[in-house]
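Please consult the sequence and the three-dimensional view alongside the text.

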Amino acid sequence: MKIYELAQSPSARRVSIFLAEMGIDVERVSVDIRGGENLSDAFQAKSQNSLIPVLELNDGTTICESIAICRYFDESYPSEHSLFGQTPLEKAQIEMWQRIIEFKGLFVAMQAFRNLTGVYKDRETCVESWGEVSRQRLIEFLPTLDKRLFESTFVAGERFTVADISAYVMCNFMKNLDIHLDTGLPHLQAWFETVNQRPSVRP
């Protein structure tokens, strides 16, 4: 099997960190997104959404969307320390925080970046004012995570999960928007420094 990706993209990083946490190595194929390789007929035949990452199985079946790819590996390699949780309550709490971080943080950050930088203005409409609104929405979301990390060691509880992966990728990516963790967010900052020591997040 192989994964088609742009290694430094937030979505690809989520999958890479997840696999590193599981100790799974998968062949990688780099896709030139800025050059429009993902818009080619050959790539679109593999990807239902024309985006990366895409997992291609040995029989030719493909799976896109980073969390769907992570779920495939979670189910294929069951562990008593699943990053998606074990008990019904744990699974629900992890899913809850995962969705909160995606909708209020990670996706908002990506909207801000795309609209402010115009990186893909050759193929999508960029609205700078929406980029500014999105950037502010991200800033306003960070205290929610800081409060949560005052209450628990990790985002969804007392152990590292896929929700932490999404939050970590978000915190790394927001540097591109000139948003940085500081002493005004002490619990989020301490959590980030802790996660930053995990071997799975190192390039």
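## Terms and basis

Contact, or touching, means heavy atoms within 4.5 Å. Helices (H or I, at least four residues) and strands (E, at least two) are DSSP runs, numbered from the N terminus. The structure is a predicted model, in which local features need pLDDT of at least 70 and side-chain atom pairs count only at pLDDT 80 or more, while totals for chains, interfaces and linings use all residues. Residues are numbered from 1 along each chain as its sequence is written, and side-chain values use heavy atoms, with hydrogens and water left out.

## Residue I69 in helix α3

I69 belongs to helix α3. Its relative accessibility is 0%, so I69 counts as buried (buried means under 20% relative accessible area, exposed over 50%, partly exposed in between, with a 1.4 Å probe and protein chains only). Not counting residues up to four places away in sequence, I69 touches V15, P53, V54, L55, I63 and C64. I69 and M170 are 101 residues apart in sequence, and their C-alpha atoms are 18 Å apart in space.

## Helix α1 and its surroundings

Helix α1 covers residues 10–22, 13 residues in number. From first C-alpha to last, α1 reaches 19 Å, close to the 18 Å expected at 1.5 Å a residue (the expected span is 1.5 Å times one less than the number of residues). The buried residues of α1 are P10, S11, A12, R14, V15, I17, F18 and L19. Elements that cover these buried residues include β1 (2–5), β2 (27–30), α3 (66–76), α4 (88–117) and α6 (162–173). After α1 comes G23, which has a positive phi, near 75°.

Strands β1 and β2 pair in the parallel sense over four bridges (two strands pair if DSSP finds at least two bridges between them). The chain runs from β1 through α1 to β2, and this β-α-β crossover is right-handed; that is, with the strands pointing away from the viewer, the path from the first strand over the helix to the second runs clockwise. Within the pairing, E5 stands opposite S30 in β2.

## The largest pocket

The largest pocket has a volume of about 1,000 Å³. A pocket is found on a 1 Å grid over the protein atoms alone, as an open set of points where a 1.4 Å probe fits, with protein on both sides within 12 Å along at least five of seven lines; lining residues have an atom within 4 Å of a point. Grid points are joined across faces, edges and corners, and the volume is the space filled by probe spheres set on the points.

In total, 42 residues line the largest pocket, and S9, P10, S11, M110 and R114 lie nearest its centre. Helices α1, α3, α4 and α6 each supply at least two lining residues. The largest share of the lining, eleven residues, comes from α4.

E102 lies in helix α4 and counts as buried because its relative accessibility is 8%. Leaving aside residues up to four places away in sequence, E102 touches R14, I67, F107 and V108. E102 and F84 are 18 residues apart in sequence and 15 Å apart from C-alpha to C-alpha.

E90 is also found in α4, and at 19% relative accessibility E90 counts as buried. With the same exclusion of residues up to four places away, E90 touches G85 and R159. K147, by contrast, lies in helix α5 (residues 128–151) and is exposed, with a relative accessible area of 52%. K147 and L188 are 41 residues apart along the chain, with their C-alpha atoms separated by 8.1 Å.

## Backbone geometry in the loops

Most residues other than glycine have a negative phi, and most peptide bonds are trans. A cis peptide bond joins I52 and P53, with omega about 0°. P53 lies in the loop between α2 (41–44) and β3 (54–56).

S50 is found in the loop between α2 and β3 and, although not a glycine, has a positive phi of about 65°. At 18% relative accessibility, S50 counts as buried. D178, in the loop between α6 and α7 (186–195), also has a positive phi, near 60°, in a residue other than glycine. D178 is exposed, with a relative accessible area of 56%.
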